[in-house]
Amino acid sequence: MEKKDLDWGNLPFSYMKTDYSYVCNYKDGEWGEGFLTEDHSLQISECAGILHYCQEVFEGLKAYTTEDGRIVCFRPDLNAQRMADSAERLCMPVFPQDKFVEAVKMVVKANQAWVPPFGSGATLYVRPFMFATGDVIGVKPADEYQFRILVTPVGPYFKGGDTAVTLGIAKYDRAAPHGTGNIKAGLNYAMSLKPGMEAHANGYAENLYLDSQSRTYVEETGGANVLFVDKEGNLVVPQSFTDSILPSITRRSLVTVAKDFCDMTVIERPVKWEEVLNGDFVECGLCGTAAVISPVGHIEDGETVVTFPDGAETSGPVMKKLRSTLTGIQAGAIQGPEGWVVEIA
Ligand SMILES: *Cc1c(COP(=O)(O)O)cnc(C)c1O
């Protein structure tokens with residue numbers, strides 16, 4: 001397979017057109033035949049539901065090359081399941097989960113020349129998304145939708161490599177209590193843009209959101225779940241009372257990796273911001289598809305600065321071990337659980 005002539009080691013995290021996208025339309029109560037297209041723009045009605053009432057959900061996963069040269073992706077069945085859950089919350093039709101995985105395979109295979117080589121640090125980012133194309137003027141769910149997958153080669157999300165970042169505490173919320181914080185939808189991201197811009201203006205890499213009901217518990221950042229290590233070396237994973245933490249596939253995988261591959265104790269429970277302030281944790285990290293785990297050195301709330309002593313400058317030992325084990329599984333160097341690494345070509 002002839003690869004595209006790209007500077008694989010220096011790709012930005014941004015969009016570029018590839019050869020094909022995947023499209024499937026929903027009409028008259030059913031999904032049509034999916035197909036590949038070379039047309040990377042689309043025309044929709046001015047009255048399409050997406051434009052007025054924000055019926056849109058998305059997913060994100062990566063396709064990449066393993067050490068032995070296979071093109072694979074990681075647990076796409078969980079992206080299919082999560083997109084079904086997101087769609088259900090916004091009264092959108094569910095795209096069948098087996099069809100989702102087949103579509104991911106089809107579009108990645110067609111764009112094999114764009115999959116970065118092993119060791120380049122780059123991946124082919126796969127973005128399935130679905131939106132209302134049917135006309136709505138009264139407030140109700142649309143009756144026509146498009147499911148689409150675009151793929152684009154990307155470099156690392158955080159440019160600083162393993163340099164630990166500083167988070168701020170978000171001044172306002174990205175989702176209402178018992179709202180939509182646990183679904184992957186553009187509307188949550190729209191709500192996070194303003195607090196995110198303010199965080200950047202104040203010198204923070206990201207915001208840490210507290211629960212919007214009591215502002216007492218730690219939730220996650222705008223686009224990544226947060227993990228802590230306590231003084232006993234346990235992995236502490238924040239849980240939400242109000243179901244407003246996005247169920248990160250990386251986080252769920254790291255919980256398994258910690259328990260079954262690193263012999264660690266994992267504690268999934270609500271975590272108070274106060275505990276973080278008290279210095280109860282020695283490491284902190286952000287997890288998501290793009291970065292796997294990236295280290296958080298400090299969190300600042302007004303004048304108070306919390307430092308994570310074992311990972312203030314770069315990843316601490318526990319985060320490092322978790323990351324190398326998960327990336328080892330993803331690369332095929334470590335045999336992971338059945339079905340995690342799915343072969344495409
Ligand atoms: C996508 C996303 C994550 C990370 O989830 P992964 O499945 O691990 O990529 C975390 N938080 C939010 C809000 C997200 O949208």
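Where does the ligand sit? The ligand sits in the largest pocket. A pocket is defined on a 1 Å grid over the protein atoms alone, as an open set of points with protein on both sides within 12 Å along at least five of seven lines. A molecule sits in a pocket if more than half of its atoms lie within 2 Å of the grid points of that pocket. The model is predicted: local features need pLDDT of at least 70, side-chain atom pairs count only at pLDDT 80 or more, and totals for chains, interfaces and linings use all residues. Residues are numbered from 1 along each chain as its sequence is written, and side-chain values use heavy atoms, with hydrogens and water left out.

The ligand is surrounded by 15 residues. The closest are Lys184, Tyr189, Ser248, Thr250 and Thr289.

Taken alone, the ligand exposes 390 Å², and the protein buries 96% of that. These areas come from the Shrake-Rupley method with a 1.4 Å probe.

Helices (H or I, at least four residues) and strands (E, at least two) are DSSP runs, numbered from the N terminus. Thr65 lies in strand 5. Thr65 is buried, because its relative accessibility is 12%. Buried means under 20% relative accessible area, exposed over 50%, and partly exposed in between (1.4 Å probe, protein chains only). Thr66 belongs to the loop between strand 5 and strand 6 (71-74). With 0% relative accessibility, Thr66 is also classed as buried. Its side chain makes a polar contact of 2.5 Å with the side chain of Asp68. A polar contact is a pair of N or O atoms within 3.5 Å; within protein, one must be able to donate a hydrogen and the other to accept it, and residues adjacent in sequence count only if both atoms are side-chain atoms.

Two loop residues have a positive phi. Most residues other than glycine have a negative phi. Phi of Asp28 is near 50°. Asp28 is in the loop between strand 1 (21-27) and strand 2 (30-31). Its relative accessible area is 69%, so Asp28 is exposed. Phi of Arg75 is near 45°. Arg75 is in the loop between strand 6 and helix 2 (76-89). Its relative accessibility is 15%, so Arg75 is buried.

Further positions were placed by element, burial and C-alpha distance. Arg148 lies in strand 8 (residues 145-154). It is buried, as its relative accessible area is 7%. The C-alpha atoms of Arg148 and Ala80 are separated by 13 Å, and the two residues are 68 apart along the chain. Pro156 is in the loop between strand 8 and strand 9 (165-169). At 43% relative accessibility, Pro156 is partly exposed. Pro156 and Thr123 are 33 residues apart in sequence, with 8.3 Å from C-alpha to C-alpha. Ser212 is in the loop between strand 10 (206-208) and strand 11 (225-230). Ser212 counts as buried because its relative accessibility is 17%. From Ser212 to Phe13 the C-alpha distance is 30 Å, and the sequence separation is 199 residues.

Key: Near = heavy atom within 4 Å. 1 Å grid on protein atoms, 1.4 Å probe; cavity = no way out; pocket = protein on both sides within 12 Å on 5 of 7 lines; lining within 4 Å.
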